[in-house]
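Subject: Structure handover and notes

Hi,

Here is the structure I promised to pass on.

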Amino acid sequence: MTSKILFLILMSAFFFVPMILHRSRRQFMTRFYLRMTALVTARKLYRLMLLILLYVFHFLYLCVHYNDIGVVASTIAFAIFFVFMDVERWLQRLHEERTPFRIAALAAVVFVFTPHLFTLAVTISFVLLAALFYPSRIVISLWKNKADRKMLLEDTEMLIIYYY
C-alpha cells in the first residue's frame with residue numbers, strides 16, 4: 001500500500017511541479033537558480049538526484065506491477081543515458097532547444113500508449129522535467145564574467161529571464 005501511495009505521488013509530480021515552480025519568483029527558487037548557475041557541484045547533485053529518483057520510480061513500479069517486462073527496456077535506456085552520454089549537455093540542449101524537447105515529449109506520449117513501454121515514457125518525462133529546471137548555457141556563461149555576475153546577483157528578474 002505504501003509503495004502505491006509513493007507511486008501516485010511521483011506520478012503527480014509531472015503535473016504539480018512545473019505548474020507551481022516553473023519561472024517562479026519565490027525566494028527559495030531564486031536561491032535554487034543562483035546555486036544551479038554558480039556551482040558545478042549543485043548541477044552534479046541535481047543530475048544524481050534525477051538518477052536516484054529514476055531508480056526509486058523503477059523500484060516502486062516493480063513493487064506495484066511485479067511482472068512487467070517493460071521495466072527492463074527503460075532501465076537499460078536510462079542506464080545508457082547516465083553512463084555513456086554527457087547528461088549535462090543533454091539537459092541543457094533539452095532546456096534550450098524546442099525541437100529535441102518536442103520530439104522527446106512526443107515519444108513519451110507515444111510510449112505511454114504502447115504496451116510495456118510505460119516506464120520508458122515516465123523515464124523520458126522525468127528527464128524532461130529535470131531539463132525544465134536546468135540552467136541555460138547563457139546564464140552559466142554570464143556567471144563566469146564578474147560584471148555580469150554582479151548584475152545577476154542584484155537583479156533576480158534578469159537571472160530568471162536568462163535562466164530560462
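Below are my notes on the pockets, the aromatic pairs and a few individual residues.

First, the ground rules. This is a predicted model, in which local features need pLDDT of at least 70, side-chain atom pairs count only at pLDDT 80 or more, and totals for chains, interfaces and linings use all residues. Residues are numbered from 1 along each chain as its sequence is written, and side-chain values use heavy atoms, with hydrogens and water left out.

A pocket here is an open set of points on a 1 Å grid over the protein atoms alone, where a 1.4 Å probe fits and protein lies on both sides within 12 Å along at least five of seven lines; lining residues have an atom within 4 Å of a point. Grid points are joined across faces, edges and corners, and the volume is the space filled by probe spheres set on the points.

The largest pocket holds about 480 Å³ of space. It is lined by 20 residues, and those closest to its centre are Phe-32, Tyr-46, Met-49, Leu-53 and Phe-133. Two or more lining residues come from each of helix H1 (2-21), helix H2 (27-38), helix H3 (40-64) and helix H7 (118-132); helices are DSSP runs (H or I, at least four residues) numbered from the N terminus. H3 gives the largest share of this lining, with eight residues. By class, the lining has 19 nonpolar residues, no polar ones and one charged. For these classes, Ala, Val, Leu, Ile, Met, Phe, Trp, Tyr, Cys and Pro count as nonpolar, Asp, Glu, Lys and Arg as charged, and the others, Gly among them, as polar.

The second largest pocket has a volume of about 380 Å³. Of its 16 lining residues, Phe-81, Leu-94, Ala-104, Ile-124 and Val-127 lie nearest the centre. Helix H4 (70-84), helix H5 (87-96), helix H6 (98-112) and H7 each supply at least two residues of this lining, and the largest share, five residues, comes from H7. The lining divides into 15 nonpolar residues, one polar and no charged.

Leu-94, from that central group, is worth a click. It sits in helix H5 and is buried, because its relative accessible area is 8% (buried means under 20%, exposed over 50%, partly exposed in between, with a 1.4 Å probe and protein chains only). Leaving aside neighbours within four places in sequence, Leu-94 is in contact with Pro-100, Phe-101, Ala-104, Val-127, Leu-128 and Ala-131 (contact means heavy atoms within 4.5 Å).

**Aromatic residues**

The whole structure contains twelve aromatic pairs. Rings of Phe, Tyr and Trp (its six-membered ring) pair if their centres lie within 6.5 Å; planes under 30 degrees apart count as stacked, over 60 as edge-to-face and the rest as tilted. One of the pairs, Phe-57 with Tyr-61, is tilted, at 5.9 Å centre to centre and 40° between the planes. These two residues are four apart in helix H3, so about one helical turn separates them, and both are buried. Elsewhere, Phe-32, Tyr-33, Tyr-46, Tyr-134, Tyr-163 and Tyr-164 form one aromatic cluster.

**Two buried residues with polar contacts**

Ser-74 is found in helix H4 and counts as buried because its relative accessibility is 0%. Its side chain makes a polar contact of 3.0 Å with the side chain of Thr-119. A polar contact is a pair of N or O atoms within 3.5 Å; within protein, one must be able to donate a hydrogen and the other to accept it, and residues adjacent in sequence count only if both atoms are side-chain atoms. Not counting residues up to four places away in sequence, Ser-74 touches His-58, Thr-119, Leu-120 and Thr-123.

His-95 belongs to helix H5 and is also buried, because its relative accessibility is 15%. The side chain of His-95 reaches the backbone oxygen of Tyr-163 at 3.0 Å. With residues up to four places away set aside, its contacts include Tyr-134, Tyr-163 and Tyr-164, which are members of the aromatic cluster.

**Two loop residues with positive phi**

Arg-23, in the loop between H1 and H2, has a positive phi near 55° although it is not glycine; it is partly exposed, at 42% relative accessible area. His-116, in the loop between H6 and H7, has a positive phi of about 70° and is partly exposed at 47%.

Best wishes
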